[in-house]
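Work through the exercises below with the sequence and the structure at hand. Try each task before reading its solution.

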Amino acid sequence: MIVTLGIFLALITVYVPILSILSLVIPVPYAIIGTLTNNKYSVLSLIVTFFVLMFSVDPIYSISICIMSVLPGIVIGSVARENMKSDQSNKFEPIYMGTIAVVISIIIFYLVSNLVLGTNVLEDFMNIIRETMSSQVGILQTAGISLKEGMRVEDFIDLISNMLPTILFLNGMIVAFVTYSLEVFILKRIRISNLEKPKFIDFYLPGNAITTSFMLYMLVLLIDIIGIKLHTDLIMMNLQLVFSFMFMIQGISVSIYYVKKWFEKNESRKIFISGII
């Protein structure tokens, strides 16, 4: 029943282009399967979805949906199932693991499409961006609006290319958050599970976040020292952006927690002093 819903969403997004926005919720049924069942049924749902889409659409679409939608959904659901066993678990852990799963799944699909299918997804994506921006510039010039002197379309393309890892991470976070939030909402509405939607003030980074960031920085520095030909400056820039974003959210979450606590205790003086600081 739930697998049928996931397959239906995958089919309607390809046959009704105006509803392609529904592709964002394709992982939700599989997250529910991962939460309510075990890994065996999750794998079976993946296999069924693959063969149905392969014969009803085409193998490439089937592979893309199974890798980039079904697998992240199953990971989010499985982590949520394990979290239900403990009251002290991190409520954001399904979102953390889902973000990682989405990023890894996109990388896997890129490798599969490049090595097996002979299609360079990244190059196709950048060509679409280039054509879109060129057409927008043409529209502006037709309207009598010209770009600032020295600005070129290729400069924007280079910027997007350099920030692609950060964009990939933010995309993974959005997909994981939407998937888990919808899963929690649906399960609570049908009264099957007591999963709680994580609140912003509950946000905190995993215990090894500092260690992980430090190890990644050291690894990039080691690669640079050894002389391996990688764009270490771009890697460092994207790592800095990602971790700065995460720590900023952590700081806002902590601030909201204490402000709310002070409001509950009517300690307006502390709020005033904190605002001045």
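The exercises that follow concern a predicted model.

**Exercise 1.** Find where Thr-35 lies, and decide whether Thr-35 is buried or exposed.

*Solution.* 
Step 1. Locate the residue: Thr-35 belongs to helix H2, which covers residues 27-36.
Step 2. Take its relative accessible area, which is 5%. Buried means under 20%, so Thr-35 is buried.
Step 3. Look for a polar partner of the side chain. A polar atom of the Thr-35 side chain lies 3.0 Å from the backbone oxygen of Ala-31.
Step 4. List the contacts, leaving out residues up to four places away in sequence. Thr-35 touches Gly-77, Ser-78, Ala-80, Arg-81, Met-84, Glu-183, Leu-187 and Leu-195.

**Exercise 2.** Describe how H2 and helix H3 (residues 39-56) pack, and name the residues that meet.

*Solution.* 
Step 1. Two packed helices are described by the angle between their axes and the distance between the axes.
Step 2. For H2 and H3 the angle is about 150° and the axes are 9 Å apart.
Step 3. Angles over 145 degrees count as roughly antiparallel, and H2 and H3 are therefore roughly antiparallel to each other.
Step 4. On the H2 side the residues are Tyr-30, Ile-33 and Gly-34; they meet Tyr-41, Ser-42, Ser-45 and Thr-49 of H3.

**Exercise 3.** Compare the span of H5 with the expected span, then list the buried residues of H5.

*Solution.* 
Step 1. H5 has 23 residues, and 33 Å is expected at 1.5 Å a residue.
Step 2. From the first C-alpha to the last, H5 reaches 33 Å, close to that expectation.
Step 3. The buried residues of H5 are Pro-94, Ile-95, Tyr-96, Gly-98, Thr-99, Ala-101, Val-102, Val-103, Ser-105, Phe-109 and Ser-113.

**Exercise 4.** Where is Val-25 found, and which residues is Val-25 in contact with, leaving aside neighbours within four places in sequence?

*Solution.* 
Step 1. Val-25 sits in the loop between helix H1 (2-15) and H2.
Step 2. With those neighbours set aside, the contacts of Val-25 are Leu-9 and Leu-182.
Step 3. Val-25 and Leu-182 are 157 residues apart along the chain, yet 8.2 Å separates their C-alpha atoms.

Note on methods. Residues numbered from 1 in each chain as written. Predicted model: local features only at pLDDT ≥ 70, side-chain atom pairs only at ≥ 80, totals over all residues. Heavy atoms only, no water. Helix = DSSP H or I, 4+ residues; strand = E, 2+ residues; numbered from the N terminus. Buried < 20%, exposed > 50% of the residue type's maximum accessible area, 1.4 Å probe, protein only. Polar contact = N/O pair within 3.5 Å; in protein donor to acceptor, adjacent residues only side chain to side chain. Contact = heavy atoms within 4.5 Å. Expected span 1.5 Å × (residues − 1). Axes fitted to C-alpha atoms, helices over the stretch in contact; angles between N-to-C directions. Parallel < 35°, antiparallel > 145°, perpendicular 65-115°, else oblique.
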